[in-house]
Amino acid sequence: MTNAARYPGSVPDRALAALFAPAGVRRALTDLYAWAEEIESIPFKAREPAIQAMRFAWHREAVADLFSTPRKVRRHTAYEGLASLLDGDIDIDAGELARIIDAVEDGTLPEGLTDEAALRSIMDRRWGTLMQIAVRICGGGVENPLTDASARATGLAQWCREFAFRAGNKMPLIPETALTAAQFNIHRLASGREPELAHSVFSGVTGLLEAELAELDAGGKCPPNLFPALAPARLARATLKTARSASDLYRTDFHRPQIARQFDLLKASMTGRL
């Protein structure tokens, strides 16, 4: 089974989008995303549930230390950057960062993905919270109508790219309601021996992604100042196309060269369409 979830040396979509921001904003986004990358990398670096739990707990304590009096900054580049971000005038609270950590951990527990509502909850708490902070860094308010759809599209696209890894490691991937309706389960999904059935059952997830992209189409143009925060959603379109046309999601290569993604973002920046 091919693990197409991670590509060493590949620049994340949000880091490419951040390049469209002014220098000061770009630095703040970079600090935020570097911290998020540390949290999100835990399931890929530590396969044992007990080790994962310990690492999530360490990060919760590190976040709490940042908001303690006096402040304590762990000797870790991600937390040094986060401390620098908190020294600015961006309003970020400990609850938001803890919510992201909790959502990433929930994304490792199969029993938590009971239905589509649970999947949306993970998307909103993980990618939604992170994108809301990024929007504030870019000078946007909390009521921007594109934020929720952009965050969900970005998260669902990443969910698609991680199909092989999540399936193979029996991590949450497809809501339990959809698996039960198809008389399927995570053990058969992990085997990789029924790619056609897996593709069919996963269509519910790609359907959610398609719906969020439709919301972006209906939402109009992206404000230029918010483009660096919301633009990763633009790259979700190529992921959806790949997932829809795949014959075997276990062996599908979702990777796109950096130059192709940069060109896609450049076109979007000129039209304002995500």
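Colleagues, I begin with Arg14, which counts as buried because its relative accessible area is 11%. The word buried stands here for a relative accessible area under 20%, exposed for one over 50%, and partly exposed for anything in between, with a 1.4 Å probe and protein chains only.

The model is a predicted one, in which local features need pLDDT of at least 70 and side-chain atom pairs count only at pLDDT 80 or more, while totals for chains, interfaces and linings use all residues. Residues are numbered from 1 along each chain as its sequence is written, and side-chain values use heavy atoms, with hydrogens and water left out. Helices (H or I, at least four residues) and strands (E, at least two) are DSSP runs, numbered from the N terminus.

I turn now to the salt bridges. The term denotes a side-chain nitrogen of Lys or Arg within 4 Å of a carboxyl oxygen of Asp or Glu. As background, side chains of opposite charge can pair when their charged atoms come close. Arg14 has such a partner in Glu40, and the N to O distance is 2.5 Å. This pair links distant parts of the chain, with Arg14 in helix α1 and Glu40 in helix α2 (residues 23-40), 26 residues apart. Glu40 is classed as buried because its relative accessibility is 7%. Both residues also belong to a network of salt bridges that links Arg14, Glu37, Glu40 and Arg126.

How many salt bridges does a search of the whole structure find? The search finds 23. Asp13 and Arg161 form one, in which the closest N and O atoms lie 3.2 Å apart. That pair, too, links distant parts of the chain: Asp13 is in helix α1 (residues 13-18) and Arg161 in helix α8, 148 residues apart. Asp13 counts as buried because its relative accessibility is 13%, and Arg161 because its value is 14%.

A further salt bridge joins the side chains of Arg234 and Asp264, at 2.9 Å from N to O. Here the loop between α13 (227-230) and α14 (236-245), which holds Arg234, is linked with helix α15 (residues 258-271), which holds Asp264, across 30 residues of chain. Arg234 and Asp264 are both buried.

Next, the nonpolar core. By this I mean a set of buried Ala, Val, Leu, Ile, Met, Phe, Trp, Tyr and Cys residues joined through side-chain atoms within 4.5 Å. The largest has 82 residues, and those touching the most other members are Trp35, Tyr79, Trp159, Phe163, Leu189, Phe202 and Leu209. The most is given to this core by helix α7 (residues 116-137), with 11 residues. Contact, in what follows, means heavy atoms within 4.5 Å. Residues up to four places away in sequence aside, Trp159 touches a list of residues that includes Leu119, Ile122, Met123, Trp127 and Phe202.

Let me stay with helix α7. The expected span of a helix is 1.5 Å times one less than its number of residues. With 22 residues, α7 reaches 30 Å from its first C-alpha to its last, close to the expected 32 Å. Where is the kink in α7 centred? The kink is centred on Gly128 and amounts to about 35 degrees, the bend at a residue being the angle between axes fitted to the seven residues ending there and the seven starting there. Beyond the helix comes Gly139, whose phi is positive, near 90 degrees.

My last topic is helix α6 (residues 94-106), which contains Glu96. The end C-alpha atoms of α6 are 18 Å apart, which agrees with the 18 Å that its 13 residues should span at 1.5 Å a residue. At its start, a side-chain oxygen of Asp93 reaches to within 2.9 Å of the backbone nitrogen of Gly95. The buried residues of α6 include Leu97, Ile100, Ile101 and Val104, and its buried residues pack against α2, α4, α5 (77-86) and α7.

Is Glu96 buried or exposed? Glu96 counts as buried, because its relative accessibility is 7%. The side chains of Glu96 and Arg136 are joined by a polar contact of 2.8 Å. Such a contact is a pair of N or O atoms within 3.5 Å; within protein, one must be able to donate a hydrogen and the other to accept it, and residues adjacent in sequence count only if both atoms are side-chain atoms. Leaving out residues up to four places away in sequence, Glu96 touches Asp91, Thr129, Ile133 and Arg136.
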